[in-house]
Amino acid sequence: MGDLPDPATGDEQGNVPRGPHGPFAPLRHGSFARFLAANTICNVGQFLQGLAVPFLINQLTDSNTWVGAAAFASLIPAVVSTPISGTLADRVDRKRILLAAYALQMVITGGILALHLTDHLTPWRIIWLLLASGAVAGFQWAPIQSLSAVLVPRLLLPQAIRLLSISFTVGRSVGPAIAALMLAFAGPGLAFAGTVLAYGIGLTLLSTVQCRWEPGSTTEPFLAQFRSGIDYVRANPAIRLALRLSFSMAFLGSAFAYSLTAGVADDLFDAGGGGLGALAMMLGLGSVLGGVYISGPGGRVRRSRLEAAVALTFACGMLVVTATPWLVVGFVGYLVMGMAHMLHGVTVNTALQLQLDEEYRGRVMSVWLVALLGGLPLGSILGGVLADLLSMRWVMVGYAVLLAATFGTLTRGGGLALLDREPATG
């Protein structure tokens, strides 16, 4: 229990730990380190499945619409379940919610694997299983985003948020790298088995995390508590700005970075599973570079200034991808997209979490996640349909232009200055 700080003031005696407050300082707290390791391993598994599913769907249907529909099915249920889990995260033990979610995801992926091995996995069965997985995912993302604040002192929260984002980035890098080899030489079955194994290891590690934080006692009904969280969001202009930025990036940018990458690899570069995995791996490598930058000199740049450059950089990466039929050029574009996406995620997440009162953290983070989860499937399904009607190349160009224009509008008049606000205390 000695490694468990009070979320606001430090150790059991109320002392904030002394020593360097560098980018890796939160790892000195053992429970946070184990939580981070569990989350990283589960992220690797998620990206194994995240590439195997669209690859298999594309093989079965040769349709961008189906690929977009699979992304829609895997994410849209979380738009409903995430606000529920966010409110629960302010009422019950966040770790228990996350353990249950990981266990259910392992069961669902096990079902996908069993159907695949028995040759009973059809596109519609994949869609139904993804709907179930998406509903469960809503109960893991809000607790993940809320746990850091109760495992490290408030003073180390910005570094903890960056490390959590880098954890996602490691999964996004390692997962696709492994998936590229698996899809090229063994097929999607091995990727599904790897996902099941990753969730099993993550569950074991997470069960060792000790969290002294207890939800505050409340007699407020569940729905009333949920509504008070919405009122809190409405009253805070910085939170509303973070929601708009996140939805815009998810709808216009992330759809091509994640859900529609299988269509990009096939339609623009005529590449198979190996090409899909390589593009995703370059996206992850760009994220790693972005993580290195934001953990060093980028951490000293004003968040408003950094965010203003993000959308233009991401849009430029998308245009590079569409410039030629050469896969090596696509690698460069996805590298740039990955770096920009990482900087965007850390910037908005840090600005948001530093504004929050602890009693509202779970609910506000769930609303933020709804902005992400709403934008990504909607952008994916629309992009997939348009790509089948027109062409993937021109649809991606149109999205890139809209992304740059949308962020340009939000940036005008110093509107991003709200991201630079710091908490009044601690």
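D420 has a relative accessibility of 17% and counts as buried, because the cut-off for buried is under 20%. The side chain of D420 meets that of R302 in a salt bridge, with N and O 3.5 Å apart. The model described here is predicted. The protein has 14 helices and zero strands, and 56% of its 426 residues are buried.

**Salt bridges**

- The structure holds two salt bridges.
- In the D420–R302 pair, D420 lies in the segment after α14 (392-411) and R302 in the loop between α10 and α11, so the bridge ties together parts that are 118 residues apart in sequence.
- R302 is exposed, at 53% relative accessibility, whereas D420, at 17%, is buried.
- D93 forms a salt bridge with R96, and the closest N and O atoms of this pair are 3.8 Å apart.
- D93 is partly exposed, with a relative accessible area of 22%, while R96 is exposed, with 63%.

- S304 belongs to helix α11 (residues 303-323).
- S304 counts as buried, with a relative accessibility of 14%.
- Setting aside residues up to four places away in sequence, S304 touches L416, A417, L419 and D420. D420 is also the residue that pairs with R302 in a salt bridge.

**Overall fold and surface**

- Along the sequence the pattern is α-α-α-α-α-α-α-α-α-α-α-α-α-α.
- Of the contacts between residues at least 6 apart in sequence, 87% join residues at least 24 apart.
- The accessible surface comes to about 16500 Å², and carbon and sulfur atoms account for 67% of this area.
- On the surface, L285, V288, L289 and V292 form a nonpolar patch with about 310 Å² of accessible area together.
- L289, one of the patch residues, is found in helix α10 (residues 273-295). The relative accessible area of L289 is 39%, so this residue is partly exposed.

**Nonpolar cores**

- The largest nonpolar core has 88 residues, and those with the most contacts inside it are F256, V264, M318, Y334, M337 and L403.
- Helix α8 (residues 237-257) gives the largest share of this core, 12 residues.
- A second, separate core has 22 residues, among them F32, A38, V150 and Y199.
- M337 is in contact with F256, A257, L283, F314, G317, M318, V321 and M396, leaving aside neighbours within four places in sequence.
- In soluble globular proteins, nonpolar side chains tend to be buried together.

**Helix α3**

- Helix α3 (residues 94-117) has 24 residues and, at 1.5 Å a residue, should span 34 Å; the C-alpha atoms at its ends are 35 Å apart, which agrees.
- The buried residues of α3 are R94, K95, I97, L98, A101, Y102, Q105, I108, T109, I112 and L113.
- An α-helix has 3.6 residues a turn, so residues three or four places apart point the same way.
- Cover for the buried residues of α3 includes α1 (30-61), α2 (64-89), α4 (123-151), α6 (188-206) and α13 (361-389).

**Helix α14**

- At 1.5 Å a residue, the 20 residues of α14 should span 28 Å, and this agrees with the 29 Å between its end C-alpha atoms.
- Buried residues in α14 are M392, V395, M396, V397, Y399, A400, L403, F407 and L410.
- The buried residues of α14 are covered by elements including α2, α8, α9 (261-267), α11, α12 (327-353) and α13.

**Loop residue G187**

- G187 sits in the loop between α5 (157-185) and α6.
- With a relative accessibility of 15%, G187 counts as buried.
- The C-alpha atoms of G187 and L56 are separated by 8.7 Å, although the two residues are 131 residues apart along the chain.

Technical notes:
Residues are numbered from 1 along each chain as its sequence is written. This is a predicted model: local features need pLDDT of at least 70, side-chain atom pairs count only at pLDDT 80 or more; totals for chains, interfaces and linings use all residues. Side-chain values use heavy atoms; hydrogens and water are left out. Patches are made of residues with over 30% relative accessible area and no salt bridge: like charges are joined within 9 Å, nonpolar side chains (Val, Leu, Ile, Met, Phe, Trp, Tyr) within 5 Å. Accessible areas come from the Shrake-Rupley method with a 1.4 Å probe; for residues, only the protein chains shown count as cover. A salt bridge is a side-chain nitrogen of Lys or Arg within 4 Å of a carboxyl oxygen of Asp or Glu. Helices (H or I, at least four residues) and strands (E, at least two) are DSSP runs, numbered from the N terminus. Buried means under 20% relative accessible area, exposed over 50%, partly exposed in between (1.4 Å probe, protein chains only). Contact means heavy atoms within 4.5 Å. A nonpolar core is a set of buried Ala, Val, Leu, Ile, Met, Phe, Trp, Tyr and Cys residues joined through side-chain atoms within 4.5 Å. The expected span of a helix is 1.5 Å times one less than its number of residues.
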